[in-house]
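Please read this briefing alongside the sequence and the three-dimensional structure.

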Amino acid sequence: MSVLLPRTVLAVPASSERFLHKARTSTASVLMVDLEDGVAATGKDAARSLVRTSARPLASARRRLWLRVNAVGSTHLAADLTLANTQREHLDALVLPKATPDTVREIAARTDLPLVALVESPDGVEDTRAIAAHPAVRAVMFGELDYRAELAAAGGLRAQDTSWAQARIVNAAACAAIPAIAGPTAAVGDEPRLRADCQRQSDLGFTGKLCIHPAQLEHVQRAFAPSADMVAWARRVTTAAADAPADGAIAVDGSMVDKPVVDRARRILAEGRQ
């Protein structure tokens, strides 16, 4: 993957001129302007007008701009897609809620913008492999809050552990060689909870995380980027591999190192330079 990974994706409600203005100086690697859940039904038209005037200044070479549209079946989707297609020079992707293989195919036929598939339903989780495999899909994102709501509707009122669903999403993304973005931590002021969520999600293999407040960005960036210890280990591995007389396993720090380990070390070094 040659592009920069979306480590931090900051959700910005399209209906707030103040938040859109503040987002211009954000350190997020991606700004996700939200026309769906972040905007009341009565404010959709006004929000689209704000996006028209804000898209150009929000877009930059170092920070990507995604637009989260309303879901397939919504009466607001057609206007969202018209807006997106007129602003496509400033947009890097559309975020598609309630993604399924069918909705991905439908939206891909209506726009040539890349898609970020928001997987947030049991059906979507089951079909994540097919969703991620579509050529228009450039990343998958887990909508954990919506997913847990559907579990509750089916009787799973105490459902907290969504590790199985998250691992399925991570694996599907890896099959397609695209990023997997973890869901948000809703408790904005709870730093221990944010740290625990980031640890669990990065350990599962997510490449980045959706943030709902700028205060979360710095910690999320640190949690998902290679640590100093990882980079130092990767340097030792690649140096030892370069000095090895022939192909085959070598020992580094008392552990066996072969080609897959060297490949991972090289990837760590590449990501550490981002």
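**Briefing**

Apart from neighbours within four places in sequence, Gly-38 is in contact with Pro-13 and Ser-15, where contact means heavy atoms within 4.5 Å. The model is a predicted one, in which local features need pLDDT of at least 70 and side-chain atom pairs count only at pLDDT 80 or more, while totals for chains, interfaces and linings use all residues. Residues are numbered from 1 along each chain as its sequence is written, and side-chain values use heavy atoms, with hydrogens and water left out.

**Gly-38 and its loop**

- Gly-38 is placed in the loop between S2 and H2; helices (H or I, at least four residues) and strands (E, at least two) are DSSP runs numbered from the N terminus.
- With 33% relative accessibility, Gly-38 counts as partly exposed; buried means under 20% relative accessible area, exposed means over 50%, and partly exposed lies in between (1.4 Å probe, protein chains only).
- Gly-38 and Val-9 are 29 residues apart along the chain, and their C-alpha atoms are separated by 15 Å.

**Helix H2 and its surroundings**

- Helix H2 (residues 44-58) and helix H3 (residues 77-86) have axes that come within 11 Å and cross at roughly 10°; axes are lines fitted to C-alpha atoms, for helices over the stretch in contact, and angles run from 0 to 180 degrees between N-to-C directions.
- H2 and H3 are therefore roughly parallel to each other, given that angles under 35 degrees count as roughly parallel, over 145 as roughly antiparallel, 65 to 115 as roughly perpendicular and the rest as oblique.
- Arg-48, Val-51 and Arg-52 of H2 make this contact with Ala-79, Asp-80 and Leu-83 of H3.
- By class, the contact of H2 with H3 has three nonpolar, no polar and three charged residues; Ala, Val, Leu, Ile, Met, Phe, Trp, Tyr, Cys and Pro count as nonpolar, Asp, Glu, Lys and Arg as charged, and the others, Gly among them, as polar.
- H2 has a kink of about 35°, centred on Arg-52; the bend at a residue is the angle between axes fitted to the seven residues ending there and the seven starting there.
- The buried residues of H2 are Lys-44, Ala-47, Arg-48, Leu-50, Val-51, Ser-54, Ala-55 and Leu-58.
- The cover over these buried residues of H2 includes helix H1 (17-22), strand S2 (30-34), strand S3 (64-68) and H3.

**Helices H8 and H9**

- The axes of H8 and helix H9 (residues 191-204) cross at roughly 45° and come within 9 Å.
- From H8, Ser-163, Gln-166, Ala-167 and Val-170 meet Arg-200, Gln-201 and Leu-204 of H9.
- By class, this contact of H8 with H9 has three nonpolar, three polar and one charged residues.

**Nonpolar cores**

- The largest nonpolar core has 55 residues, of which Leu-31, Val-33, Leu-67, Leu-94, Val-140 and Phe-206 touch the most other members; such a core is a set of buried Ala, Val, Leu, Ile, Met, Phe, Trp, Tyr and Cys residues joined through side-chain atoms within 4.5 Å.
- Not counting residues up to four places away in sequence, Leu-94 touches Leu-67, Val-69, Leu-81, Ala-84, Thr-111, Leu-113, Pro-114, Leu-115 and Val-116.
- A second, separate core of 12 residues includes Ala-93, Val-116, Leu-118 and Ile-181.

**Residues with positive phi**

- Most residues other than glycine have a negative phi.
- Lys-98, although not a glycine, has a positive phi of about 50°.
- Lys-98 is found in the loop between strand S4 (93-96) and helix H4 (101-110), and is partly exposed at a relative accessible area of 29%.
- Ala-177 is likewise not a glycine and has a positive phi of about 55°.
- Ala-177 lies in the loop between helix H8 (163-176) and strand S7 (180-182), and counts as exposed at 53% relative accessibility.

**Other individual residues**

- Ile-178 lies in the loop between H8 and S7 and counts as buried at 12% relative accessibility.
- Thr-8 lies in strand S1 (residues 8-13) and, at 1% relative accessibility, counts as buried.
- Ala-159, in the loop between helix H7 (144-153) and H8, is partly exposed with a relative accessible area of 23%.
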